[in-house]
Amino acid sequence: MQESPALRASRREDPVQRTIVVAILLLAGFFDGISGNPIHSILLFGAAGSLVWDAARHRSADRVVEVPTVRPMRPTKGFATIAVLGVLVFAIVVGGFARYSWPMTFSVVIPAVLVLVIARPGSIRSGPEPEKIGPVGIVAWTSVFLALALWELTSLLLQPTLTTDSYAHPTISVMTDPILASHLGRTVALVAWAALGWFLVER
Amino acid sequence: MTSHDFTIAVYLLIVAIGVGLEIRSSSERSRIPSLGAVFSRVMRTRSGRVGIMAGWVWLGLHFFAR
């Protein structure tokens with residue numbers, strides 16, 4: 001079926017949005033790097049680099065890049081039940097591994113790669129166009145996420161050093177440490193992480 | 001109020017505002033979209049999709065992986 005020009009236009013890549021996303025990824029990668037997390041930093045720099053590479057590749061042809069669409073997944077009830085049970089078993093088993101251990105690392109990286117393949121960042125889902133976000137909505141939600149990011153950064157910079165936790169100025173990571181110290185806490189957090197991934201993947 | 005309490009109070013305030021926006025979005029006449037609608041819109045573009053999914057992977061790595 002032929003899509004309307006308006007629908008196709010709404011899916012075109014906006015250079016301003018891309019620049020903002022690249023800047024956020026580079027900033028996050030920089031601070032993660034100087035906080036002693038080089039692998040995480042590489043992931044963020046890699047994502048930023050892929051967008052820059054993509055922009056450079058399309059610059060000569062067309063400044064406004066259109067993103068290809070793929071069909072959304074429509075899992076059957078049986079498949080969905082098996083997937084939910086699979087995630088629960090995964091979270092219970094992997095939750096038993098110690099944080100930052102190699103078994104935990106592999107157990108997180110493998111499903112993350114799988115979800116990235118399913119999500120196919122180079123494409124978007126076909127279907128009805130989501131509602132347009134007005135200026136009030138943009139300002140409201142941007143303010144919340146910006147405030148959260150700035151407060152997290154403030155707490156990080158108020159630590160004795162970037163790699164030393166502070167009781168007086170706890171970051172989100174420091175606050176979640178006691179929860180993630182237990183098997184149950186890690187299991188719940190892994191279920192939440194997987195659920196968030198599923199929520200995002202079909203957007 | 002100690003620095004510790006104040007830091008946590010600000011985090012809670014930001015979360016409360018986010019929850020408030022989400023509740024407000026459920027009203028039909030509201031000009032505030034739901035968080036799901038915002039993500040759906042942002043992920044209509046390649047950069048939005050890459051940025052959001054990279055953020056999700058980073059969350060898993062940051063809290064669990066080496």
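Begin by selecting chain A and showing its surface: this chain exposes about 12,100 Å², and carbon and sulfur atoms supply 74% of that area. Keep in mind throughout the tour that you are looking at a predicted model.

If you follow the chain from its N terminus, the elements come in the order α-α-α-β-α-α-β-α-α-α. Of the 203 residues in chain A, 31% count as buried. When you turn to contacts between residues at least 6 apart in the sequence of chain A, 64% of them join residues at least 24 apart.

For one of them, select Arg46(B) together with Asp54(A), whose side chains meet with 3.1 Å from N to O. Arg46(B) lies in helix α3 of chain B, residues 46-64, while Asp54(A) lies in helix α3 of chain A, residues 38-59, so this pair joins two chains. Is Asp54(A) buried or exposed? Asp54(A) is buried, because its relative accessible area is 4%, which is under the 20% limit.

Finally, select Arg99(A) and Asp177(A), which form a salt bridge whose closest N and O atoms are 2.9 Å apart. This pair links distant parts of the chain, since Arg99(A) sits in the loop between α4 (77-94) and α5 (102-119) of chain A, whereas Asp177(A) belongs to helix α7 (residues 172-180), 78 residues apart. Compare the two partners by their relative accessible areas: Arg99(A) is buried at 16%, and Asp177(A) is partly exposed at 26%.

Definitions and conventions
Residues are numbered from 1 along each chain as its sequence is written. Chains are lettered from A and ligands numbered from 1 in the order in which they are written. This is a predicted model: local features need pLDDT of at least 70, side-chain atom pairs count only at pLDDT 80 or more; totals for chains, interfaces and linings use all residues. Side-chain values use heavy atoms; hydrogens and water are left out. Helices (H or I, at least four residues) and strands (E, at least two) are DSSP runs, numbered from the N terminus. Buried means under 20% relative accessible area, exposed over 50%, partly exposed in between (1.4 Å probe, protein chains only). Contact means heavy atoms within 4.5 Å. Accessible areas come from the Shrake-Rupley method with a 1.4 Å probe; for residues, only the protein chains shown count as cover. A salt bridge is a side-chain nitrogen of Lys or Arg within 4 Å of a carboxyl oxygen of Asp or Glu.
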